[in-house]
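Subject: A structure for you to explore

Hi there,

Here is the structure I promised to pass on to you. Have a look at it first, and then read my notes below.

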Amino acid sequence: MEENINQNPDGNIINPLLNQSAENVKKITDAIHATRLEIKKYLIGQDDMIDLLLVGMLANGHILLEGVPGIAKTLTAKLLAQTFSVKFSRIQFTPDLMPSDVIGTSVYNQKDGEFVFRKGPVFANIVLIDEINRAPAKTQAALFEVMEERQATYDGQTYIMQYPFLVLATQNPIEQEGTYRLPEAQLDRFIFRIKLNYPTLTEEQQILLRYKDEIKTPSLEEIQPVFTPELLNELQECVKRVKIEEQLVKYIAEIVYSTREHGKLYLGASPRASLAMIKSAKALAAIKGRDFILPDDIQYLAPFVLNHRIILTPEAEMEGLKPEDVIFEIIQKTQVPR
């Protein structure tokens, strides 16, 4: 213990471990601030969505953006990808898309007389899947392994994804024409589902004023990269060191367990949801400049972590309830640790 304690010129005790923790948090907050500034060059409003995207990124999770067309879901995903110095690809999901269009396929090489695996667009560091719920279940199944295990198996051969590997997917509300409900097993692989709303009147006026003289689609050349794979890995290691008290771990478990016992839920959340809550709460605390988690972090993140992992009973749907309503009720009834 004596080796970890020093004194400054004033005679006050300095703990290098605390200094290291403060330095880790500062690295994260500086990178997040720079990323926000880059994204804000093009995006107006949606501050909560930006922060949740950054939290998901630091927690090494895939993110699903849901909302009606035209509210900048795809633009936001592309802006975030531009802040990375990594390979980016975009896949437009359609009803006739095949699994081989995502993962890849074997191509016959006449020169060698052999079949060679040609990697599909999913082999990138950041993959934007646009309108993910417009493809049928057969194509969705192609994403199961690659999202969870960050690897793809084709013809008995396993291909490991290069770090980092993040999926940013957009989807339209399932009530719209030409959409499919995503399988529960696939939804569970997203750390968040972020539901986007229309901009406020003030925000829409600001959008129009900024782009009133634009005819062509704005290019994203002004966006400067903030993250390299090395920096992201370093920041994620810092996030891992954020402290969470045992009582808050139990608090998370109680919230998630309550979804399995609730009378208005047909399907509750899995332990994967509990793990996602811990990881994302650590990331949220870090970008807020803390090296410890508060109950407020858990309460704020719970709807985004759980809303796509639970299914309402038919009776609850007939009452007009939404998943967020039940989640809020569970949070209200669960005792907050002191």
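What follows is a short tour, from the whole chain down to a few single residues.

Please keep in mind that this is a predicted model. The protein chain averages a pLDDT of 87, and 93% of the residues score at least 70. One stretch needs care: over residues 1-18, pLDDT stays under 50, and the model has 16 contacts beyond four places in sequence for that stretch. Where pLDDT is low, the predicted coordinates should not be read in detail.

**The whole chain**

You can trace 14 helices and 13 strands in the protein chain. Along the principal axes, the C-alpha atoms fill a box of roughly 75 × 55 × 55 Å.

Buried residues make up 45% of the 338 residues. Among contacts with a separation of 6 or more, 75% are between residues 24 or more positions apart. The accessible surface comes to about 18200 Å², with 52% of it belonging to carbon and sulfur atoms. As for charge, there are 37 positive and 46 negative charges, and their mean positions are 1 Å apart.

**A few residues to look up**

Start with Pro164, in the loop between strand S9 (157-160) and strand S10 (166-171). The peptide bond joining Tyr163 and Pro164 is cis, with omega about -5°. Tyr163 also leads us to another part of the chain: its C-alpha atom is separated by 9.5 Å from that of Glu230, although the two are 67 residues apart along the chain. Glu230 sits in helix H9 (residues 229-240). Its relative accessibility is 58%, so Glu230 counts as exposed, the cut-off being over 50%.

Ala72 has a phi near 75° and lies in the loop between strand S3 (62-66) and helix H3 (73-82). Is Ala72 exposed, buried or partly exposed, and which value tells us? At 24% relative accessibility, Ala72 counts as partly exposed. Arg150 has a phi of about 55° and is found in the loop between helix H6 (144-149) and strand S8 (151-154).

Why point these out? Most residues other than glycine have a negative phi, and most peptide bonds are trans.

Enjoy exploring!

Best wishes

Conventions. Residues numbered from 1 in each chain as written. Predicted model: local features only at pLDDT ≥ 70, side-chain atom pairs only at ≥ 80, totals over all residues. Heavy atoms only, no water. Helix = DSSP H or I, 4+ residues; strand = E, 2+ residues; numbered from the N terminus. Buried < 20%, exposed > 50% of the residue type's maximum accessible area, 1.4 Å probe, protein only. Contact = heavy atoms within 4.5 Å. Areas by Shrake-Rupley, 256 points an atom, 1.4 Å probe, with all protein chains shown as cover. Lys, Arg positive; Asp, Glu negative; His and termini not counted. Charge placed at Lys NZ, Arg CZ, Asp CG, Glu CD. pLDDT = per-residue confidence, 0-100.
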